[in-house]
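This report describes selected features of one protein chain, for use alongside its sequence and coordinates.

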Amino acid sequence: MKKQTKLDMMLEMIKYLQDKKLKFKKVIFDSWFAFPSIINQIKKEMNLDVICRIKLSDKIYQFVYKDKVYTVKNLYNILQESILSIYQAWEYLVVGYRRR
């Protein structure tokens, strides 16, 4: 029998809560769980929004912001330099990502 990973257990817990008809629209977790495959699975298969801190890695993520593609470092720099409040910045950070 395959040993369950922490990622497997997290997904199983979310599915369990949905099966119990608990109503929620968002899942919040730490960057440790923030892998594109996990975020994608939660968004597409479970129809939930994800709020998490993104890993600072140019190898994993590319983000779409105002129709341009950025690495996470570039995006943080752009948002820091802009006049956006932190709340507006979060709104834009969830626009989209794609696997590199």
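## A buried threonine

In this predicted model, Thr71 is buried, because its relative accessible area of 12% falls under the 20% cut-off. Thr71 lies in the loop between β4 (68-70) and α3 (72-81). Its side chain makes a polar contact, at 2.6 Å, with the side chain of Asn74.

## The nonpolar core

The largest nonpolar core has 23 residues. Met10, Ile14, Phe29, Ile38, Ile39, Ile42 and Cys52 are the members with the most contacts inside this core. At least two core residues are supplied by each of α1, β1, α2, β2, β3 (61-65) and α3. The largest share, four residues, comes from α1. In soluble globular proteins, nonpolar side chains tend to be buried together.

Helix α2 spans residues 36-45, and Pro36, Ile38, Ile39 and Ile42 are buried within this helix. Beyond its neighbours within four places in sequence, Ile42 is in contact with Met10, Leu11, Ile14, Val27, Phe29, Asn47, Leu48 and Val50.

Most residues other than glycine have a negative phi. Asn47, which follows α2, has a positive phi near 55 degrees. This asparagine is found in the loop between α2 and β2 (49-52). Asn47 counts as exposed because its relative accessible area, 66%, is over 50%.

The location of Lys21 is the loop between α1 (6-19) and β1 (26-29). Lys21 is exposed, since its relative accessibility of 67% is over 50%.

## The salt bridge

How many salt bridges does a search of the whole structure find? The search finds one. It joins the side chains of Asp49 and Lys43, with an N to O distance of 3.2 Å.

Are these two residues buried, exposed or partly exposed? Asp49 has a relative accessibility of 35% and Lys43 a relative accessible area of 40%. Both are therefore partly exposed, as their values lie between the 20% and 50% cut-offs.

Conventions:
Residues numbered from 1 in each chain as written. Predicted model: local features only at pLDDT ≥ 70, side-chain atom pairs only at ≥ 80, totals over all residues. Heavy atoms only, no water. Buried < 20%, exposed > 50% of the residue type's maximum accessible area, 1.4 Å probe, protein only. Polar contact = N/O pair within 3.5 Å; in protein donor to acceptor, adjacent residues only side chain to side chain. Salt bridge = Lys/Arg side-chain N within 4 Å of Asp/Glu carboxyl O. Core = buried A, V, L, I, M, F, W, Y, C linked by side-chain atoms within 4.5 Å. Contact = heavy atoms within 4.5 Å.
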